[in-house]
Amino acid sequence: MRIVLVGPPGAGKGTQAQYLAKNLSIPHISTGDLFRSNISQGTALGRKAQEYTSSGRLVPDEVTIAMAKDRLEEADAAEGFLLDGFPRNLGQAEALDAYLRDKDVTLDGVLDLEVPEDEVVKRIAGRRLCRKDGAHVYHVSYNPPKTEGVCDVCGGELYQRDDDTEDKVRVRLEVYHSETEPIIDYYKAQDLVVTISALGTVDEVTRRAMEALGAAESV
């Protein structure tokens with residue numbers, strides 16, 4: 001299957017992408033991984049991307065699109081893929097369509113994870129990370145540590161990321177509504193979108209997603 005995963009920040013796209021990719025035996029391709037891989041390998045595209053990220057600027061669409069195309073050319077993506085974070089806007093969606101047309105293939109579905117805005121704010125603003133290693137993540141409501149402000153695993157200090165404050169989260173939501181949400185209508189016009197609720201446990205959402213994508217296979 002060839003799938004695009006969309007949803008607002010805090011919808012759990014990264015978590016669901018990993019589970020779905022494993023269940024469907026297709027590679028999970030995220031924008032973040034594309035950037036990290038190209039930058040760490042010192043590719044020409046990675047060097048271009050780093051010029052922008054190091055100065056706090058957004059990486060231009062043409063660089064992101066080129067990275068995605070390169071990744072889709074790899075052997076493991078020949079029979080399917082799950083795109084997470086790409087396309088992020090209409091320009092990228094149109095570029096992906098053009099690329100797939102050249103390959104004489106089409107998307108099988110666009111999975112839209114739906115979460116109420118107040119829940120997004122609650123999820124992200126309540127998140128706390130371990131300052132010691134960054135790998136252990138807690139939530140003040142859903143997964144609190146045994147001792148407030150202290151990591152259960154290593155005793156490190158827990159902190160809130162600067163961009164996880166409520167004000168910053170609402171700005172990120174505004175960007176999502178203005179830049180990314182329009183691709184949902186774009187794909188609806190192609191009859192590709194299946195929308196599911198991203199509320200509930202990880203397993204519940206995964207089950208919901210698999211059922212929705214099963215119906216999308218005939219699209």
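At what angle do α2 and α4 pack, and how far apart are their axes? In this predicted model, where local features need pLDDT of at least 70, side-chain atom pairs count only at pLDDT 80 or more, and totals for chains, interfaces and linings use all residues, the angle is about 90° and the axes are 10 Å apart. Residues are numbered from 1 along each chain as its sequence is written, and side-chain values use heavy atoms, with hydrogens and water left out.

Helices (H or I, at least four residues) and strands (E, at least two) are DSSP runs, numbered from the N terminus. Axes are lines fitted to C-alpha atoms, for helices over the stretch in contact, and angles run from 0 to 180 degrees between N-to-C directions. Angles under 35 degrees count as roughly parallel, over 145 as roughly antiparallel, 65 to 115 as roughly perpendicular and the rest as oblique.

Back to our pair: the angle makes α2 roughly perpendicular to α4. On the α2 side, Thr31, Leu34, Phe35 and Asn38 make the contact (heavy atoms within 4.5 Å), while α4 brings Thr64, Met67, Ala68 and Arg71. By class, this contact has four nonpolar, three polar and one charged residues. Here Ala, Val, Leu, Ile, Met, Phe, Trp, Tyr, Cys and Pro count as nonpolar, Asp, Glu, Lys and Arg as charged, and the others, Gly among them, as polar.

Now follow α4 to another partner. The axes of α3 (residues 44–53) and α4 come within 10 Å and cross at roughly 150°, so these helices are roughly antiparallel to each other. Their contact joins Leu45, Gly46, Lys48 and Ala49 of α3 to Val63, Ala66, Met67 and Asp70 of α4. Five of these residues are nonpolar, one is polar and two are charged.

Rolling a probe the size of a water molecule over the atoms shows where empty space is left. On a 1 Å grid over the protein atoms alone, a pocket is an open set of points where a 1.4 Å probe fits, with protein on both sides within 12 Å along at least five of seven lines; lining residues have an atom within 4 Å of a point. The second largest pocket is lined by 13 residues, with Leu34, Ser37, Asn38, Arg71 and Glu74 nearest its centre. At least two lining residues come from each of β2 (28–30), α2 (31–41) and α4 (61–72), and α2 gives the largest share, five residues. The lining has three nonpolar, six polar and four charged residues.

From α6, Glu117, Asp118, Val120, Val121, Ile124 and Ala125 meet Glu166, Val169, Arg170, Arg172, Leu173 and His177 in α7. This contact includes six nonpolar, one polar and five charged residues.

Finally, visit two loops. Between α1 (13–24) and β2 sits Ser25, which has a positive phi of about 55° although it is not a glycine. Pro87 lies in the loop between β3 (81–84) and α5 (90–102), and a cis peptide bond with omega about 0° joins Phe86 and Pro87.
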